[in-house]
Amino acid sequence: MKSLLPILTIVAAILVIWVLAVVPMNMHLTADQAQRDGLVVVPQTPLERQGYSGLGLSVANLGLIPLTYTLDRPRLPSPHQVAGEMWETIALRNVTSRQSLVYHGWVTLSATLVGFAIGTTLGMLLAVGIVHNRAMDMSVMPWAIASQTIPILALAPMIIVMMGQFGIQGLLPKAVISAYLSFFPVVVGMVKGLRSPDAMQMDLLRTYYASSSQGFWKLRLPASVPYLFASFKIGISAALVGAIVAELPTGARAGFGARMLVGDQYGNPLVTWAALFAAAITAAALVAIFTAMERLTLRRMGMAAA
Amino acid sequence: MTGPALISVLAVWAVGWFINARLAASHLADARIVRLLVPVIFGLTLLLIWELLVRMTGVSPIVLPPPSMIAERFAGSLPILWVDFEQTIVKGAMTGYVIGMICAFAVAVLADRSDFLTRGILPVGGFMAALPIVGIAPIFVKWLGSDWQSKAAVVAVMVFFPILVNIVAGLRDTSAMQRDLMRTYGAGYWQTLFKLRLPAAMPFIFNGLKIATTLALIGAIVAEFFGSPTVGMGFRISTSVGRLALDMVWAEIVVAAIAGSTLYGAVAWVEGRVTFWHPSQRK
């Protein structure tokens with residue numbers, strides 16, 4: 001816990017920078033609004049104000065600074081506005097309502113989890129095949145590694161449309177995207193893990209006259225667990241990004257991605273920001289769950305790092 | 001699925017697999033050429049099966065264009081693909097990558113003087129690196145306009161955190177003994193940094209740089225889904241999907257694949273030159 005204070009310091013620093021940035025970012029909008037409300041603004045025409053930077057205009061209109069934090073449609077919302085919007089759309093709305101971020105979050109999360117389950121299961125099976133079959137290893141492994149250097153996320157819009165042509169809509173196309181994004185990290189990590197026992201350990205099993213399937217269940221599989229969890233953590237965040245991006249170019253009506261797009265198109269930045277932060281919290285929670293599971297499992301297996 | 005289609009697909013698969021199984025079992029299996037040949041044969045087999053499936057089962061080429069059609073489209077629209085490549089990869093992704101990298105270096109070196117800040121940056125940076133940062137794309141497009149500047153900004157933020165965390169972690173990776181040696185030489189902070197700690201951090205730094213190449217491409221392409229001028233790979237993908245011109249989408253994905261592996265390869269090549277001393281680089 002000795003890093004708690006440093007972490008809080010960094011987070012506080014980020015928040016302070018954010019709060020300070022709100023003033024210059026929103027000053028032009030605030031000045032226009034203030035003028036409409038009959039307040040005195042220093043360069044009097046909007047045209048003259050165009051020539052000022054956000055910072056310059058703020059210095060010229062010190063009295064307007066508090067107003068930059070209360071705009072309805074700010075360029076940069078302040079933290080308390082984002083928090084307020086999130087509170088309103090998460091806690092105060094019925095979870096089945098289209099206004100509720102919980103509803104949108106569940107739409108994205110369910111696709112993520114289904115896809116992740118499919119992707120990791122297939123990935124683990126393929127990894128077992130790769131370790132046991134040399135031809136498979138030599139054929140597939142280079143492609144699995146190469147796939148990590150390619151932005152395969154770009155396939156997402158096409159998969160939605162292709163599956164749409166076959167009449168498959170809703171959760172499944174998004175899950176397919178999440179599945180293939182989590183598939184490759186799991187294959188690569190699991191193969192690495194299954195191969196991690198060293199020659200000495202393998203020799204020991206041979207002196208015990210262990211069969212190859214005993215070797216798999218008692219040595220290779222347990223040895224792969226730490227690697228597997230590392231892959232899970234990469235895979236689940238990739239799966240979530242995949243599900244969100246899948247909602248973008250296709251005009252999906254529900255989900256985090258759809259909320260971001262709605263906020264963007266209807267000029268309501270608070271909606272976009274709230275969706276963005278809710279997605280970030282979801283991602284953080286998913287990774288935290290896997291970290292906790294990892295710690296618990298490794299401790300039970302006697303592999304916990306001290 | 002029709003009978004002949006099924007039989008021919010199975011036949012192709014059997015032949016491809018037979019060749020690979022023989023190659024993998026032969027005494028030549030460790031030769032460089034075979035290690036290269038086996039995945040190539042596997043890839044070609046898959047492409048052939050794809051082609052056969054589309055042609056023989058009557059799947060509409062609009063829904064799933066066969067590889068030959070994609071290759072034709074690729075060869076026929078090289079000028080468009082090149083312009084898109086310049087807009088998205090060169091202007092968007094590469095500019096953002098360089099900006100993000102420079103910022104990460106600056107922050108890492110500034111924070112490095114203080115152990116307190118370092119201990120804060122590592123967990124916070126690692127946390128940020130796991131978040132779906134692409135989501136900031138609509139905000140940046142609104143702030144910086146729809147041209148490549150907004151994409152470069154998204155990419156810069158996306159690559160910043162993984163690179164930062166790796167630099168900071170790398171700079172901590174010297175032993176007390178090594179640092180003591182520098183002190184006995186009378187080396188100051190900057191000399192220790194440039195002669196010992198930065199070189200020692202290079203394997204970490206390149207690890208971050210390699211992760212960031214893929215992120216940069218993803219950021220640049222996805223950000224274009226939120227608004228772009230009428231050029232760019234993300235723009236072309238989203239409009240071609242809308243017009244059901246999926247062969248064009250595949251052609252752009254081929255470009256993205258080539259660009260991604262080339263960038264990664266380039267960083268890995270530089271890494272080999274810089275960290276030739278590291279055990280992982282031994283042949």
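Modeller: Begin with the word contact: two residues are in contact if their C-beta atoms, placed from the backbone, lie within 7 Å. The model here is predicted. Leaving aside neighbours within four places in sequence, Tyr69(A) is in contact with Val22(A) and Ser78(A).

Colleague: Where is the place of Tyr69(A) in chain A?

Modeller: Tyr69(A) sits in the loop between helix 3 (54–60) and helix 4 (79–90) of chain A.

Colleague: Is Tyr69(A) buried, exposed or partly exposed?

Modeller: To be buried, a residue needs 20 or more other C-beta atoms within 10 Å, and to be exposed, 12 or fewer. Tyr69(A) has 17, so this residue is partly exposed.

Colleague: How should I read a nonpolar core?

Modeller: In soluble globular proteins, nonpolar side chains tend to be buried together. Here the largest nonpolar core has 142 residues, and Val187(A) and Val155(B) are among those with the most contacts inside it. Helix 7 (residues 148–171) of chain B gives the largest share of this core, 18 residues. A second, separate core has nine residues, including Val22(A) and Met25(A).

Colleague: How do I read the angle between two helices?

Modeller: Angles of 65 to 115 degrees count as roughly perpendicular. The axes of helix 1 (residues 4–36) of chain A and helix 5 (residues 115–129) of chain B cross at roughly 75° and come within 7 Å. These two helices are therefore roughly perpendicular to each other.

Colleague: Which classes of residue make up the contact of helix 1 of chain A with helix 5 of chain B?

Modeller: That contact has nine nonpolar, two polar and one charged residues.

Definitions and conventions: Residues numbered from 1 in each chain as written. Chains lettered and ligands numbered in written order. Predicted model: local features only at pLDDT ≥ 70, side-chain atom pairs only at ≥ 80, totals over all residues. Axes fitted to C-alpha atoms, helices over the stretch in contact; angles between N-to-C directions. Helix = DSSP H or I, 4+ residues; strand = E, 2+ residues; numbered from the N terminus. Parallel < 35°, antiparallel > 145°, perpendicular 65-115°, else oblique. Nonpolar A, V, L, I, M, F, W, Y, C, P; charged D, E, K, R; others polar. Core = buried A, V, L, I, M, F, W, Y, C linked by C-beta atoms within 7 Å.
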